[in-house]
Amino acid sequence: MEKVTSGKQKCIAKVTSQVMLSAGIYSMWLKFPEEQDVAAAAVPGQFISLYSKDGSRLLPRPISICGINRAEHMLRIVYRVAGKGTEEFAGYAAGDTVSVVGPLGNGFTMKEGKSILIGGGIGIPPILSLAKELKGDVTVVLGYRNRDVFLSEEFAPYGRVYLSTEDGSVGTKGNVIDAIREHHLTADTIYACGPLPMLRGVKAYAEQEGIAAQISMEERMACGIGACLACVCQSVEKDSHSNVKNKRICKDGPVFDVQEIEW
Amino acid sequence: MNLSVDFAGVSMKNPVTTASGTFGSGAEYAEFVNLNCLGAVTTKGVASVPWPGNPTPRICETYGGMLNAIGLQNPGIDLFLKRDIPFLKQYDTNIIVNVCGKTQEEYLEVVERLADQEIDLLEINISCPNVKAGGIAFGQNPKLVEKMTARVKEKAKQPVIMKLSPNVTDIAEIARAAEAGGADAVSLINTLTGMKIDIEKRKFALANKTGGMSGPAVKPVAVRMVYQVAHAVSIPVLGMGGIQNAEDALEFIMAGATMVAVGTANFANPTAVADVVNGLERFMRDHAISDIRELIGCVE
């Protein structure tokens, strides 16, 4: 009898630690079985789908990868509690298990040279895994709403770090672009993940300064693997897969060259 | 032990397929599911030209289900024939192509383009709740359903399944209209029109305001409708609506479905459709059932 499955499937990851970093922001390390090592194939900018144990919550929660420890078959996620699903995850403790599919999406294309890494709010976690693996001269700019900052200290070993807060309580008052201008930061490549208004600002700045930029997008997802067409974003050119000006964030992204995307 | 069924003249190795729109054309799920082990793959709806679909957000979760308003984004029949059909032809499974359109002529154009293709069945989507023209507009009026079915049947070279909407007063009447028009089979249910409001933002959760509800929460409604339709028509029924596992699939089969489709469950578990095939086998073994056809409509 032929096998009904073809290899890839949900795997059971074990939670090895969980801590709250800031109000509603949690950091969790997951260890994968060696025969289904999601960490081995993971690169910065990719995400994993986590599945709730509660049957009333069907859809996977796509969460970006914040840290990769390939030797130990482990991934770290840092996420915000935004609903019942993430609330469930936040209740997990070391020893608990969770179903995962991944790694998913394309990840950042790491370029040599001078880089500015930009993270805004809950878009900061994937930027940390990128900062760790990126070679060359790295500057990090992190944007927060207020003094409830998280993860910023962990960037210190990988480059110069600048902060901005909307209320001015820490770093530059304003947004990440205000911080970049204040400190006259330049680069060959910008990598960014954050809310849409921030990404719009990054696009405008990158185009004005003639800097290449890769941005990581988000949207409500169902399947997470490119089949359901829920999480599309508009592309400038007709996409070869969709045959319309739509790209799938989960499959063609989440990282796009800023010039590919239309708002 | 026999799992094979005859569905509208097409031999299926088992009664399990995918629900249109939840499985693309199979390429993404092929990493998870051995497509050779499915009775058929049902593709996402394809139109005569590429459709961009609706604005985002296109989906949201609901208790035990979800709403979607994808808006039938599809690459159009040209690319579909060039890429998706050859992909599926690599596998030893039947191909059911779901057809959509904004006007009757658009549906017929797609049906004609598929006429000389090596595909096994057509599923005509007259029940999508998320597009402004076409879709459900053709599926709620029995006279239109009969006429539309007859016109499709004139052009079609493959057996025709009419996909029915649950958003009607009497689904049996619509099924009888499809049968009168010459349909070879009916499939049901498409999604139930629903709405969700984000109370923090005071906005609709979907950009389209309404969406089609699917998932295990709709299953009892779907089983009831499959039962009603199976008793109203003599053509075979492809049942779907909230099937997550073999036990769910068996409810549909016992209610009268010759085949079943797994839809939203693919999102909750990418091997769900394969697990249903496995589970049906296990159920038959455990209950010493030699032929799955014994179970079709066995609950009167």
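**Helix α1 of chain B**

I began with helix α1(B) and looked up its buried residues, which are Ile77(B), Phe80(B), Asp84(B) and Leu88(B). I kept in mind from here on that this is a predicted model. Looking next for what covers these buried residues of α1(B), I found that the cover includes β4 (40-42), β7 (94-99) and α2 (104-114) of chain B. I then followed the course of the helix, residues 77-89, and noted a bend of about 25° at Arg83(B), with a proline, Pro86(B), following within four residues.

**Helix α4 of chain B**

I turned to helix α4 of chain B, residues 171-180, where I listed Ile171(B), Ile174(B), Ala175(B), Ala177(B), Ala178(B) and Glu179(B) as buried. Among the elements that cover the buried residues of α4(B) I wrote down α3 (142-155), β9 (160-163), β10 (185-188) and α5 (219-232), which belong to chain B. Just after this helix I came to Gly182(B), which takes a positive phi of about 105°.

**Helix α8 of chain B**

I checked the span of α8(B), which has 15 residues, and its first and last C-alpha atoms are 20 Å apart, close to the 21 Å expected at 1.5 Å a residue. Its buried residues are Ala272(B), Val273(B), Ala274(B), Val276(B), Val277(B), Leu280(B) and Met284(B), and I saw that they pack against β3 (16-18), α6 (246-255), β16 (259-262) and α7 of chain B. After α8(B) comes Ala288(B), and I noted that its phi is positive, near 50°.

**Where the two chains touch**

How many residues does each chain bring to the contact? I found 42 residues from chain B and 30 residues from chain A. On the side of chain B that touches chain A, at least two residues come from each of β5 (59-62), β6 (65-68), α7 (265-268) and α8 (272-286). I sorted the residues of this side by kind, which gave 21 nonpolar, 17 polar and 4 charged.

I then traced an open sheet of 7 strands in chain A, in the order β4-β3-β7-β1-β2-β6-β5, with antiparallel pairing. At its edges I placed β4 (61-64) and β5 (67-69), each of which pairs on one side only. Neighbouring strands of this sheet are turned against each other by 35° on average, direction ignored. For β5(A) I counted 3 bridges to the antiparallel strand β6, residues 74-80 of chain A, and I noted that Ile68(A) has Leu75(A) as its bridge partner in β6(A). Helix α2 of chain A, residues 124-133, lies across β4, β5 and β6 of chain A and runs at about 40° to β5(A).

**Gly105 of chain A**

Is Gly105(A) buried or exposed? I count Gly105(A) as buried because 27 other C-beta atoms lie within 10 Å, while the cut-off asks for 20 or more. I located this glycine in the loop between β7 (97-104) and β8 (114-120) of chain A. Leaving aside its neighbours within four places in sequence, I found Gly105(A) in contact with Gln46(A), Phe47(A), Cys250(A), Gly253(A) and Pro254(A). Last, I looked up the pair Gly105(A) and Met28(A), which are 77 residues apart in sequence and, C-alpha to C-alpha, 20 Å apart in space.

Note on methods. Residues numbered from 1 in each chain as written. Chains lettered and ligands numbered in written order. Predicted model: local features only at pLDDT ≥ 70, side-chain atom pairs only at ≥ 80, totals over all residues. Contact = placed C-beta atoms within 7 Å. Nonpolar A, V, L, I, M, F, W, Y, C, P; charged D, E, K, R; others polar. Buried ≥ 20, exposed ≤ 12 C-beta atoms within 10 Å, placed from the backbone. Expected span 1.5 Å × (residues − 1). Bend = angle between axes of the 7 residues up to and from the residue. Pairing = 2+ DSSP bridges. Axes fitted to C-alpha atoms, helices over the stretch in contact; angles between N-to-C directions.
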